[in-house]
Amino acid sequence: MSKIGNIPVNAQAGKKRTNPLAGVFDELVQFCQSRSMFMLHYCTGCGAIELPPAMTSRFDMERLGIQPMVTPRQADILLVTGYVSVKTLKRVILTYEQMQSPKYVIGICSCTVNGGMYWQSYATAKVLNEYLPVDVYIAGCMPRPEAVIEGMRRLMRNIEEGKGHAWKDYFQRYDYYLGNQQHLFGDDWQTPTDIIGEARHYGLETEQTYGEHTRILEQHQQPLEPHKMRIKF
Amino acid sequence: MSVLDDLLLFTALASVAIIVVRRFASVSKLSVIVYALATVLLVKMSALGYGGEPIYSSFTLNVLGQNLYWRFDSLSWFFALITVVIALFTSVFMSGAWAEKYCQEHSTEAYGLLQAALVLNVLSMLVLLASGDLLSLFIGWELVSWASFMMMFLNQDKVARKAAIKYIVYAMAAAMSILMAIAMTYSMTGSLDYVQIMQAVAHLSNTQIALLVTLYGVGFGIKMGVIPFHLWQAAAYAETPGPGAVFMGAISARMGLYALIVIVVQIFSLTRVAAIEIPYTFLNMQNILAWVGALTTIIPTYIALKQNDARYLLAWHGVGQGGYMLLGVMIADSIGTAGGIMHVFNYATYQAALFMAVTAVMFRTGTSNFSKLGGLVTQMPLTFMVMVVSIIGLAGIPPMNGFVSKWLVYRALLLDGEPLLFVAAVIGTLGTILSVYKLVHNTFLGQLRLEHQDVKEAPLSMLLPMLGLVLIIFGTGVMPGVVLDWVAAAQNAVGIAPITHNLGGIELAQGGLDMIWVTGVMFYGFAVGAIVFYFLGGKSKHIHQFDNYAGGHFLTSKVRYHYSNHFYAGLMHLIGGWYKDFFKKLEQALVSLVSFLSQLSENFYRSAQPAVLVAAVAFIALWFIMSSFSMPADTGTVAPITQGIQGGLPK
């Protein structure tokens, strides 16, 4: 996992916070955020079978404030539950990029950690966090519901302590992730989302956001401008 | 010369003028001026809308010693105002770009005929609304039927022609039923005049009243398209050329309601109708009529839910909304009747606006098929706004005017202690909300198709009447008192206690309604939301339609991601089994029965088999002789049959 350390909450550099209560508010926001987690489970492999017991009456994840959500726009957690083939990985990346920040990724099963039993497969992405910033891995083949819940609680603890900021890494080091993606999918890889624009929107662009891979992307990317509302007779 | 003379004469002369100049381009302008002047004449009669005395026409006829005359009372004026104003909006709508395109696609002659059909419809409706006795009512009724038929027959498509023929068959049945009822009324009361019949009704037996109400009800109900006569209307109205559908959909079928109010509510009075118990049930005649209204709200609305064509969806709603009016009128207290009559006005405004919006979409894209539309909101934002405001009215959601009349009907049902009818009306509203969402989603929301990337907004000549109607829909929603004044006068005219109201709504001891407050609170909520979204946050981000979640699938222009086919799959899983096409099958069974019988008699008539004919004639003759000995009373029925067959012997 990339060593990104603890990124300060206020991203706008050079702006000193003068409000003495700012820290209190931050803690309050983090507390609330950690207790309202909507997860989008991208059930790619056998790990998905451990989710029904984790979510339903026996282990009842909802008592911790975690519940399923149907679209990425409203979800906080992307749950990748097993091996990701190259074809699937494209979809996982698109889904992740469509989620709104702050967003978190949990990799379940050994396959997401290091390829697991698919280590020798030619069609499988081995290490998930080369392509997406992963907050928490839950190892095991497959991990039991208790382990899944433990992983979730770890994520919640991280968020509450202000440590769950892997999503910022995706914007800050976009070139690295894009490079790995291009290595796997080819140079003409592109999604309809606009990551660099979003990085600018959040004020998270660094010199590592750009690089040789973003230049390759810029060469062939067709910007998708939203349809403008217009009155033309 | 009274103002009514002026109005009828003017409209008649205008019809002639429009028919004469129908091939020239000036016919559009002429028709707009005609309806504008007719509106002015109606405004001159506006005392009627505030409880004025009826205005009589100076033209009368004498038939069978009966005086045929024409007059306007408050109820007629209310309906006439809606008719003429909708015609005015329609004529503006069809005057500009739409006319050019229609002339190119068809011919100048076809467009002129459409204008002629429109003005003849208006004229015949005014004649019907002005009728002062049963015979003039029947004359007006027939004129309206044939004028409608002319309008429907303009579309040369096979489907449209079939629908028009179907309509005229239904209309003939209705006319026969009404004619029979009028003849029976005349023989029972000896008069055709409303006032004299009203006095004579007190002496009629319950059986006679029940028979008359049934015959009149069937006749007028067919025009309204109530259950089980609802099958003709949707296709006939939907297939009429754009502006024709606007006019017909908005007001034409309401003539049935007008006549029903005059005959059943005013002349027979609902207290008398309610006194007729249906044997072996706990229902009375009024309950039956109210339940017909309730079923008419439910069944056609849920048929509308399944339509895949915007025009058909709207036309089916037209049938369903008629049920609310009938239901409201049949509750027979001042609130319910007010709701029913007011719904005529509200419905006409939003139905016209909706048909105009759909016609505008058809004008730009060439189709009203949901499977070929979608995402037009960015291209036609004003038309979208018109449709949204109108469907809010149609679904009965504040602050639009449809809410007020539906509220009145619900309120009356609750106060009257009719929980089952109330639930039925609510089920109808649920279907309305679901299907209008389908309408706006499949037309304007979702994915914009590649071929519609360059679609423009509807032209101004079509937009202006739409926006005008939107203003009326919103204005009378916030200040329903304007319309309730007229409604109260109409109630007074048919002998029902007028509703107590003010500008904002209804005063009621059990809890009234003030739309000014309701709208104020709503807009306060909107303002708070707008401040939060636009000023405090301001973080919204516009994205391209392909940046959308499709289960992780990559969307391109080749991948359709607009959900329009089988739209309510989940709901249909629950209620789909209830669609049994019962009435359609019933109609088909009737049709095949009639055609079987006619085929049978024709074959028999034309048969070249003398042996069969001789045997048949011999048998019938023998029966005739035998029965004349034993049952002399039967001869009257048998004799004509024998004559008929003898007349048809092969040459």
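With 651 residues, a compact globule would have a radius of gyration near 26 Å, and chain B agrees at 27 Å.

This is a predicted model, in which local features need pLDDT of at least 70, side-chain atom pairs count only at pLDDT 80 or more, and totals for chains, interfaces and linings use all residues. Residues are numbered from 1 along each chain as its sequence is written, while chains are lettered from A and ligands numbered from 1 in the order in which they are written.

## The two chains

Helices (H or I, at least four residues) and strands (E, at least two) are DSSP runs, numbered from the N terminus. Chain A has nine helices and seven strands. Its radius of gyration is 19 Å, close to the 17 Å from the globule rule for 233 residues, so chain A is as compact as a globular protein of that length. Chain B has 26 helices and five strands.

A residue is buried if 20 or more other C-beta atoms lie within 10 Å of its own, exposed if 12 or fewer, and partly exposed in between, with C-beta atoms placed from the backbone. Two residues are in contact if their C-beta atoms, again placed from the backbone, lie within 7 Å.

| Chain | Span along principal axes | Buried residues | Contacts at least 24 apart, among those at least 6 apart |
|---|---|---|---|
| Chain B | about 100 × 60 × 55 Å | 47% of 651 residues | 77% |

The two chains also meet. Chain A gives 20 residues to the contact, and chain B gives 17 residues. On the side of chain A that touches chain B, nine residues are nonpolar, five polar and six charged. Here Ala, Val, Leu, Ile, Met, Phe, Trp, Tyr, Cys and Pro count as nonpolar, Asp, Glu, Lys and Arg as charged, and the others, Gly among them, as polar.

## The sheet of chain A

Two strands pair if DSSP finds at least two bridges between them. In chain A, five strands form an open sheet in the order 2-1-3-5-7, with parallel pairing. Which strands stand at its edges? They are strand 2 and strand 7 (136–138) of chain A; each has a single partner strand, so one side of each is left without a neighbour in the sheet. On average, neighbouring strands of this sheet are turned by 30 degrees against each other, direction ignored.

Now walk across the sheet. Strand 1 (residues 37–42) of chain A runs parallel to strand 2 (residues 66–68) of chain A, and three bridges join them. In this pair, M37(A) stands opposite I66(A). Strand 1 of chain A is also joined by four bridges to strand 3 (residues 77–80) of chain A, again in parallel. There M39(A) has I77(A) as its bridge partner. Strand 3 of chain A pairs in turn with strand 5 (residues 104–108) of chain A, parallel and over four bridges. L79(A) has its bridge partner, I106(A), in strand 5 of chain A.

A helix covers part of this picture too: helix 5 (residues 145–160) of chain A packs on the sheet and touches strand 1, strand 2, strand 5 and strand 7 of chain A. The direction of helix 5 makes about 170 degrees with that of strand 7 of chain A. Angles run from 0 to 180 degrees between N-to-C directions, and axes are lines fitted to C-alpha atoms, for helices over the stretch in contact.

## Inside chain B

Chain B has an open sheet of three strands in the order 3-4-5, with antiparallel pairing. Its edge strands are strand 3 (501–502) and strand 5 (513–514) of chain B, each pairing on one side only. Strand 4 (residues 505–506) of chain B joins strand 5 of chain B over two bridges. G505(B) stands opposite D514(B).

Next, a helix pair. Helix 16 (residues 334–365) and helix 17 (residues 381–395) of chain B pack at an angle of about 145 degrees, with axes 9 Å apart. Their contact holds ten nonpolar, four polar and no charged residues.

Finally, one residue. A425(B) lies in helix 19 (residues 419–444) of chain B. Is A425(B) buried or exposed? A425(B) is buried, because 24 other C-beta atoms lie within 10 Å. Not counting residues up to four places away in sequence, A425(B) touches several residues, including A294(B), Y324(B) and Y410(B). Y410(B) is 15 residues away along the chain, and its C-alpha atom is 7.6 Å from that of A425(B).

How values were computed:
Rg over C-alpha atoms; globule rule 2.2 N^0.38 Å.
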